[in-house]
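Morning, everyone. Let me put a structure up and walk you through a few places in it.

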Amino acid sequence: MNNDRIKVRTSIPSLQEKVQTKISGSTDTIYWYIRFNLQLDEESVSGKTMNITDTDGYIMRTVITYKPKHNVISVSPLDTYEENRYYLLNISKKVRSAKGQHLRSTIHILFKLFEGKVADFKVLEDNIEIPLPKPRPKDYDSMPKKHTPTHFEKEYIDRSPPGKMVTENFSINPFLGFMGLIVVVVGLILFNAAVIIVGGVIVLIGLLHLAMQLSNRELRSTLLFNKGVRNFNNERYSQAEYNFKQALKTNPNNELARHGIRKAEIYRN
């Protein structure tokens, strides 16, 4: 698949057709072509039913044209796109066919530009929260831009329920400790001091092994992150923010802890 010409097909049950989109061009000129299998009502194709926004919801200036002969909508840019930033192509469910059939739901297509090419192209699920489109202010170019999620963070956002967070999996192996306890119990049943002593040694080794696992900063960071998630989901946002900061302090490479801090700050305010 060529990065500067990407195709995606998405089934739209209510129209019993497929929407085909193409992206072409460089960073300065990204053109979208959206083809419907059904003839569209031309009045439903406009900037009110379709736009491109940044991750803050600010609308990029575009020219939208419908070509009935080919049943294609073209979206031409009037603004340049910033490198390594995410944008959204939004197609409203208010777009309708000539017979009055509407799309089942609004379509959001996420993409970003990387090294002059389109990257991370994805059709978002219906349950993903999307900022409402709004006009760009005059000082837009000088405004601080919203954080753009990393690919890893974006995957985490996708699997989290709206307004909630999910814990991360971690692995601790207590096998040696359990084996030692079993040996100790067997020794007690048999009244065998030697077996009890062996079991006790195994338990001690198991505890040392467990302590070594818990000393791993990535594991400790994950445990602190999960504690923050539980506080966040219980609407204890200040405590959650503290937990996420501790997780990031423990492991500065914990991207999800950074995401948790930002999310907790938003909900706390």
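Which residues of α6 are buried? Leu256, Ala257, His259, Gly260, Ile261, Lys263 and Ala264. Buried means under 20% relative accessible area, exposed over 50%, and partly exposed in between, with a 1.4 Å probe and protein chains only.

Some ground rules. This is a predicted model, where local features need pLDDT of at least 70, side-chain atom pairs count only at pLDDT 80 or more, and totals for chains, interfaces and linings use all residues. Residues are numbered from 1 along each chain as its sequence is written, and side-chain values use heavy atoms, with hydrogens and water left out. Helices (H or I, at least four residues) and strands (E, at least two) are DSSP runs, numbered from the N terminus.

Back to α6. This helix covers residues 255–268, 14 residues in all. From first C-alpha to last it reaches 20 Å, close to the 20 Å expected at 1.5 Å a residue. The expected span is 1.5 Å times one less than the number of residues. Asn254 caps the N-terminal end: a side-chain oxygen lies 3.2 Å from the backbone nitrogen of Leu256.

Next, a helix pair. The axes of α4 and α5 come within 8 Å and cross at roughly 170 degrees. Axes here are lines fitted to C-alpha atoms, for helices over the stretch in contact, and angles run from 0 to 180 degrees between N-to-C directions. That makes α4 roughly antiparallel to α5, a label for angles over 145 degrees. Contact means heavy atoms within 4.5 Å. Among the residues that meet are Leu224 and Phe225 in α4, and Phe244 and Ala247 in α5.

Between α4 (217–233) and α5 (237–250) there is a loop, and Glu235 is in it. Its phi is near 65 degrees, a positive value in a residue other than glycine. Most residues other than glycine have a negative phi. Glu235 counts as exposed, because its relative accessibility is 56%.

Last stop: the loop between β3 (31–36) and β4 (50–54), where Ser44 is found. Is Ser44 buried or exposed? Buried, at 2% relative accessibility. A polar atom of the Ser44 side chain lies 3.2 Å from the backbone nitrogen of Arg96.

Gln39 lies in that loop between β3 and β4 too. Gln39 is partly exposed, at 40%. Gln39 and Ala98 are 59 residues apart in sequence, and 5.6 Å apart in space, C-alpha to C-alpha. A polar atom of the Gln39 side chain lies 3.1 Å from the backbone oxygen of Pro68.

Technical notes: Polar contact = N/O pair within 3.5 Å; in protein donor to acceptor, adjacent residues only side chain to side chain. Parallel < 35°, antiparallel > 145°, perpendicular 65-115°, else oblique.
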